[in-house]
Amino acid sequence: MIQVLHGKNEYAISAALAELKATVGPPETREANTHPFAAPQVSPGQLRAVCEAMPFLAERRLVMVEGVLSQFSPRQGRDAPEQSSQPQLGEWQGIEALAKAMPPTTMLVFVDGELPQTNPLLKLLKQLAEVRDFPLLGAAELDRWAKEQVTQRGGQITPGALRLLTRFAGDDQRALEGEIEKLCLYAHGRPIVEEDVRLLASESREANIFAAVDALLEARPAVAARLRFELRDEGASLVFIL
């Protein structure tokens, strides 16, 4: 089985990988049957040797390859070559033969960031693999996810506190999960209210400024601007923001 997990939502990709790792077998055998690789140090030949092996005292063997597909994404911008031809796949053109040689006990998973649909290796793998795209959650989806996280921890949260919480944390689910954990412990069985979020917000400002910088670097100016104004409204100094 081959899967491609890609997109901007690193948190969701990590969760999907955790689910796959759990299917490998008993915890004591997972490390021996889990093989991580990263571009550009991996070749199809190396993968084939690992993928064709049978699992050791487990149900499956998990082979994870990170960053290979993005190597073949066409370059854009002023620094891109004048010829717009897509990168040649080279030895990765033989990925179909690798797929046919793999036993059914092997799970080969390609992990990457956001990929254009014109990526030649992605187009090839679509014929051989299950491709899963993980975009960042929209505002409504993020609210639902955050509320589910609170419920799973046995807590409750008011609608106003939920809106305030997602404003503070931005679209970073990992940071939001940490804030939810703190709030549930602090509320200790009673519903989380806006005052609780504001009380713990000062501890989140440093994380928020990094979220704003990340949004700016990832070409999401609207999110960066919103986080900047929210920091300012909550009392952060201009010097701190700069």
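Here are a few friendly notes on the pockets and aromatic pairs of this structure.

1. A word on the basis: this is a predicted model, where local features need pLDDT of at least 70 and side-chain atom pairs count only at pLDDT 80 or more, while totals for chains, interfaces and linings use all residues. Residues are numbered from 1 along each chain as its sequence is written, and side-chain values use heavy atoms, with hydrogens and water left out.

2. The largest pocket holds about 350 Å³ of space. (A pocket is an open set of points on a 1 Å grid over the protein atoms alone, where a 1.4 Å probe fits, with protein on both sides within 12 Å along at least five of seven lines; lining residues have an atom within 4 Å of a point. A volume is the space filled by probe spheres set on the points, which are joined across faces, edges and corners.) Its lining has 19 residues, with Leu136, Asp171, Asp172, Glu218 and Arg220 nearest the centre.

3. The second largest pocket has about 200 Å³ of space, and its lining residues include Leu137, Arg163, Asp171 and Arg226.

4. Do look at the aromatic pairs, of which the structure holds two. (Rings of Phe, Tyr and Trp, the last by its six-membered ring, pair if their centres lie within 6.5 Å; planes under 30 degrees apart count as stacked, over 60 as edge-to-face and the rest as tilted.) Tyr11 and Trp145 have ring centres 5.4 Å apart and planes at 85°, so this pair is edge-to-face. Both Tyr11 and Trp145 are buried (under 20% relative accessible area, 1.4 Å probe, protein chains only).

5. Trp92 and Phe110 also make an edge-to-face pair, at 6.3 Å centre to centre and 75° between the planes. Trp92 and Phe110 are both buried.

Methods. Buried means under 20% relative accessible area, exposed over 50%, partly exposed in between (1.4 Å probe, protein chains only).
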